[in-house]
Amino acid sequence: MKKGEKKGWNFNYTTRDIVIIAVIAAITGVVNTGVGNLWYLLNTSLGPLGGALLQGAFMWAYILAMWLIRKPGAALIVGIIEAATEILLGNAAGIGTLGWGLFQGLGVEAVMAISGYSKFGLLTAVMAGAASSQFGTVWTSIFYGWDPSTAKDVWLAIPINLVSGAVLSGLLGYWLSKAIAKTGLIRSAG
Amino acid sequence: MSTSEHGLVFENRKSYLNSVYPLVKLAWVFVVAIGLFIYRSPISGAVMFLTILLVAMIAGKIPFQQILGSGKIIFGLGLLLMFFHFFVDPGNVVFKLGPLHITDNGLLQGPIFFFRLSVVVLASFILIWTTDTRDLMVSLTKAGVPYRGAFAVFLAMRFLPLIQKEVDAVKAAHSIRGKPTNSKFGHRFKLWRRYIFTILINGLRKAETTATSLECRAFGCFPTRTYVKDVHYKPLDLILLLVTILISGGLIVAERVL
């Protein structure tokens, strides 16, 4: 976002914003497809607790995109495009991957909406990462049939999900946005 | 990782599925997926699995070897998920294996989730094998998706092979500087951290250039845009969707009546 542009609920996406979203989504799609294979192994063999350990590792780019573009919907759009990329790369959930993109993106958007899309500090990033991780688990429960009324692991996994998302996505995404800001490549990332 | 590594690339085999309107195929994948979420019996899942397999081989002219090659990881994960449900789902114990108990409900639910995973993924693969991404984006735009949004998806797909080349170049650069890629896990993690940051920076630099080029060509100036290669919908394309709805609906009704 350039200086002088409207802050907060500004849906006016520039061409540059669209291209940045596409690039981040493509890079994340490649990375997450690899991490995803490890996650599927943990999730299908150990259940919700196994999946929760790595659940937070998928959303760092959603935070990064939101911190670079600073407009409502940036995380959700990255989530959906990144998921579409993963489908093409052979993600082991096929079109079901879109569910994670949607839910995880909504997790970040929910936290950012509460902050009025105007707070871009470390605490917001950590909370967005944690929320995104937990939102993603909702889709995992639906897709893999973890019934919260009978499987207590779904509940035990919540704190692990939150910590995993806060650290692996929130902190990492925030750190990356700061590091990119230092390069001077993106003006709004400071 | 490139799409070709998994055999997941579009190929025009001049099949019926190749000619079906991309949006109809996308809707078909969703119809198949929704059905799998509603089924209560593994038999319905098995019927749909066989149906999709036949659709791929007959209507899509996709060789069985290719399906098996691309699907082996997914079928393996599906089996793991099935075994997990055997042991975890509550119900009456039918078999004991040390501290582990297999329940009657687990034996029912396990195959349901195996077929859910396998069929959803197989249907998605069929979409990829038989659909040109560009055609899918054009059809999405025709359906009312803003072309700037559809273009973002298309651009991401366009960037994929470039990113793979970028990864190879960064790896080679690090190797030349004495950072081997076949080291311990901790070192590999550090290497990947470096790769990702470098690729991100290079990617964002390309993004800035691409955005400027697009704006120079008046991208986004007009409410609609034209395409060199257009795609057209034919009523005959709906056959695939209608037949699948009939089969899926029939299975759902049969589960409840029989």
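What share of the contacts in chain B with a separation of 6 or more is accounted for by residues 24 or more positions apart? In this predicted model, such residues account for 74% of those contacts. The secondary structure of chain B comprises nine helices and two strands. Read from the N terminus, the elements follow the order α-α-α-α-β-β-α-α-α-α-α. The radius of gyration of chain B is 23 Å, well over the 18 Å given by the globule rule for 258 residues, so the chain is more spread out than a compact globule. Along the principal axes, the C-alpha atoms of chain B fill a box of roughly 65 × 55 × 30 Å. Of the 258 residues in chain B, 34% are buried.

Helix packing within chain B was examined for one pair. Two packed helices are described by the angle between their axes and the distance between the axes. Helix α3 (residues 42-59) of chain B and helix α9 (residues 238-257) of chain B have axes that come within 10 Å and cross at roughly 165°. Because angles over 145 degrees count as roughly antiparallel, α3(B) is roughly antiparallel to α9(B). The crossing of these two helices, α3(B) and α9(B), is right-handed. On the side of α3(B), the contact is made by B:Ser44, B:Val47, B:Met48 and B:Thr51, while α9(B) contributes B:Ile247, B:Ser248, B:Leu251 and B:Glu255. Classified by residue type, the contact of α3(B) with α9(B) has four nonpolar, three polar and one charged residues.

Technical notes:
Residues are numbered from 1 along each chain as its sequence is written. Chains are lettered from A and ligands numbered from 1 in the order in which they are written. This is a predicted model: local features need pLDDT of at least 70, side-chain atom pairs count only at pLDDT 80 or more; totals for chains, interfaces and linings use all residues. Axes are lines fitted to C-alpha atoms, for helices over the stretch in contact, and angles run from 0 to 180 degrees between N-to-C directions. Helices (H or I, at least four residues) and strands (E, at least two) are DSSP runs, numbered from the N terminus. Angles under 35 degrees count as roughly parallel, over 145 as roughly antiparallel, 65 to 115 as roughly perpendicular and the rest as oblique. A crossing is left-handed if the near helix is turned anticlockwise from the far one by less than a right angle, and right-handed if clockwise. Two residues are in contact if their C-beta atoms, placed from the backbone, lie within 7 Å. Ala, Val, Leu, Ile, Met, Phe, Trp, Tyr, Cys and Pro count as nonpolar, Asp, Glu, Lys and Arg as charged, and the others, Gly among them, as polar. The radius of gyration is taken over C-alpha atoms; the globule rule is 2.2 Å times the number of residues to the power 0.38. A residue is buried if 20 or more other C-beta atoms lie within 10 Å of its own, exposed if 12 or fewer, and partly exposed in between; C-beta atoms are placed from the backbone.
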